[in-house]
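Try each task yourself, then follow the solution step by step.

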Amino acid sequence: MESLKYISTRGHQEALSFSEAVVRGIAPDGGLYVPTELPANSLAGINGEESYAVLAQKVMAPFADFGEGVLEACTNGAYDSKFSDPSVAPLVTFDNTSFLELYHGRTLAFKDMALSILPRFMTAAAKQLEIKDEIVVLTATSGDTGKAALEGFADIPGTRIVVFYPTDGVSDVQKHQMVTQEGDNVMVMGIRGNFDDAQNGVKAIFSDEGLGRKLKDRGFVFSSANSINIGRLVPQIVYYVHSWLQLKKQGKIVDGESFNVVVPTGNFGNILAAWYAKEMGVPIKKFICASNVNNVLTDFIRTGKYDMNRPFHTTASPSMDILISSNLERLVFELTGRSGEKTAALMADLKKEGTYELGLEMKAALGDFYGGYADDAETVAAIRDCYSEKGYVMDTHTAVAYKVLEDYRKETGDKTHAVIASTASPYKFTRSVVEGMGISTEGLDDFQLIEILSEKSGMVIPEPIQGLKDRAVLYPGVCDKDVLAYKVLEFLGI
Ligand SMILES: *Cc1c(COP(=O)(O)O)cnc(C)c1O
């Protein structure tokens, strides 16, 4: 089978292999790489009895250009006992709602689903392309990507990993997970600013050609572990296929019957992977996009107008505190009928005015999406309701999705089976979770709350955060948002 090629969303026509797209991360015109087409009929050989690793290999086979056995080595290496649940992503079902638990990896968030395999893709790609340069992976994080990327890339030969996080935009647990990271090829730095500042800073480094050349002369090449990298997106398609197979196994849907997905959304990577899964044959009816009060996507889906000119809020679901949703560009590209020219024009509007508006036809094409949001009080109330009704504990991001699903059902009367992407362990965002369980958190730090959550819920503290608070801080550094390039050069000794 000929493997897929990848082109930029902004019209740069060169078609790259998967290996090239993964190493580059972002296209030279600032666009994101997308497959020239999505594989049809590639799910035919799947029978639902595969292990997650084998399923991943089957789903991703058409996407990757690696030689014989290489993809298999990647999937087997990624989806093993690092995941604390043997099924990797268990589907927990109550009536017509299922929770697809994507947080059983090393860092307790769904980012592990893709970031446990991306480093393997990157080294396989470098080998395939005979790249001798060291790959410097630059990452902006709203909290979860950073740790998952660190965990994935630490001590991987031929790579360095640099993570920038907003000092005031992440939870104590998230921050402590990152600044205690071990590994010889690692740098972690706080920035004074929010996630968008971090993401813009990193994007600016990518598009700085002079800097790129300087690095190249010293034997380095930049890449990205953010979900702008197509190597992040493709592995996320797998768990939507997996959830479909599990729903059939659990007797919740029959062959040919469709289901809805509900995704707590920030950078739009996770929900876009669901959309790709549908293009590949997974029968998803509605894509319910859940936001917190940074609800730029809710408005976009309802009106067709993207407008980031609004206040930025820090919330109890910090991994969704984003006003520039990078991967939306990939959907916009589809909505424009795959026009690089139109997409580039809209993205230029976004850069210049902070806003863009879709044409009428494009708006109509958004019909499979529903957008909604929840504020922090509603999020905590959702945690409380779900816990008292089902005895099930959700994290804050999942709770946002839960609330938006309720709103959707009330508004539409649609009772179709819904799969909620459960994106983080409740242990990552203990304060709101414990409050939601009706316990006062006053005067308690996040680490004490971990103990309380465990006592009250009876859930064992996940191994990766046992003893976290006693680990030594290795990266206390904080910098201004306009010196990121300098910090990178310093780290590389240039
Ligand atoms: C990253 C993240 C999200 C948002 O996912 P996107 O793919 O960026 O939309 C939601 N919840 C959690 C816990 C996350 O870490």
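**Exercise 1.** Find the strand that holds Ser 224, decide whether Ser 224 is buried or exposed, and list what Ser 224 touches.

*Solution.* 
Step 1. In this predicted model, Ser 224 lies in strand E8, which covers residues 220-224.
Step 2. The relative accessible area of Ser 224 is 0%. Buried means under 20%, so Ser 224 counts as buried.
Step 3. Leave out residues up to four places away in sequence, and Ser 224 touches Leu 118, Met 122, Val 137, Leu 138, Phe 206 and Asn 229.

**Exercise 2.** Now turn to strand E10, residues 284-291. Work out how covered E10 is, and describe how E10 pairs with E9 and with E13.

*Solution.* 
Step 1. Six of the eight residues in E10 are buried, which leaves the strand mostly covered.
Step 2. On the E9 side (residues 259-264), the pairing with E10 is parallel and has five bridges. Here Pro 264 is found opposite Ala 290 of E10.
Step 3. Trace the chain between these two strands: from E9 it passes through helix H11 (residues 269-279) to E10, a β-α-β crossover that is right-handed.
Step 4. With E13 (residues 369-373), E10 also runs parallel, joined by five bridges. In this pairing, Cys 289 stands opposite Gly 371 of E13.

Notes
Residues numbered from 1 in each chain as written. Predicted model: local features only at pLDDT ≥ 70, side-chain atom pairs only at ≥ 80, totals over all residues. Heavy atoms only, no water. Buried < 20%, exposed > 50% of the residue type's maximum accessible area, 1.4 Å probe, protein only. Helix = DSSP H or I, 4+ residues; strand = E, 2+ residues; numbered from the N terminus. Pairing = 2+ DSSP bridges. Right-handed = clockwise from strand over helix to strand, strands pointing away. Contact = heavy atoms within 4.5 Å.
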